[in-house]
Amino acid sequence: MKKCSKCNISFNIDDMHCPLCGNKLSGTCEDIIFPKDNYYITRSLLLKSILTVSILIFVISLITEKYFLNTMSISFLVGGFLIANYILIYYVLKNFDNILELIGKNGILINVLLIILFLYTGNKLITNYVIPLVCIFELIFNLIAFLILKKKYIFNYLKVFLLNIILLFIPIVLNLLRWCTNNYFSYLCLVFGIVSLGAIIIFYFDELREELKKIFNN
């Protein structure tokens, strides 16, 4: 710290003279350390993780479609969804606090729109590939977000948990209705869903229990 002998006040500044009286300051200035923006660091890590997962899902979709159908049109549709979803996630992270609930509702809304599109067109590529892949992406995103965001940026654990259950059951319901002819991605979604829900229960059991207590106590 620098000190003015005339004013008897200490300053942590680089100036040579007192800003109050102009007297020469004695001593040295300490390094000014600003606190890290933890939310910015967390958001950046989450976006990088989601980008990695998006690329992985697109590559898996591309290889699978090429192998089973010898086409690539669905994969490009999935790729378009992943890009749009990444932009949406970026916007939500930048402007809102309750991230997981908003993204979960967005995932369910997208699936509802895709089901309406299937009922209109009758194209089973939507139910065989697109909808299960959307559910898989949302489940993976929720799990990564839970692990990265931890306790500071998550609200309504129980509501997000229930949204994950809905995402898990969408492909199963499509199978029960016999709207699918290829169950590969539906079963894959089931596996990811069970893993995701299990991890949430393991890591956030206390938070889920507390919210359940509040519901039943009221």
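1. Basis. The model is predicted, with local features requiring pLDDT of at least 70 and side-chain atom pairs counted only at pLDDT 80 or more, while totals for chains, interfaces and linings use all residues. Residues are numbered from 1 along each chain as its sequence is written, and side-chain values use heavy atoms, with hydrogens and water left out.

2. Overall. The protein has 7 helices and 3 strands (DSSP runs numbered from the N terminus: H or I of at least four residues for helices, E of at least two for strands). Their order along the sequence is β-β-β-α-α-α-α-α-α-α. Of the 218 residues, 41% count as buried (under 20% relative accessible area, with exposed over 50% and partly exposed in between, using a 1.4 Å probe and protein chains only). Taking contacts (heavy atoms within 4.5 Å) between residues at least 6 apart in sequence, 63% join residues at least 24 apart.

3. Asn128. This residue belongs to helix α4, residues 124-149, and is buried at a relative accessible area of 4%. Its side chain makes a polar contact of 2.7 Å with the side chain of Thr181 (a pair of N or O atoms within 3.5 Å; within protein, one must be able to donate a hydrogen and the other to accept it, and residues adjacent in sequence count only if both atoms are side-chain atoms). The side chain of Asn128 also reaches the backbone nitrogen of Asn182, at 3.1 Å. Leaving aside residues up to four places away in sequence, Asn128 touches Cys180, Thr181, Asn182 and Phe185.

4. Helices α4 and α6. The axes of α4 and α6 (residues 184-203) come within 9 Å and cross at roughly 15° (lines fitted to C-alpha atoms, for helices over the stretch in contact, with angles from 0 to 180 degrees between N-to-C directions). α4 is therefore roughly parallel to α6 (angles under 35 degrees; over 145 is roughly antiparallel, 65 to 115 roughly perpendicular and the rest oblique). Residues of α4 that meet α6 include Asn128, Leu139 and Leu147; on the α6 side, Phe185, Phe192 and Phe203 are among them.

5. Leu168. Helix α5 (residues 157-176) contains Leu168, which is buried with a relative accessible area of 6%. Beyond residues up to four places away in sequence, Leu168 touches Cys189, Leu190, Gly193, Ile194 and Leu197.
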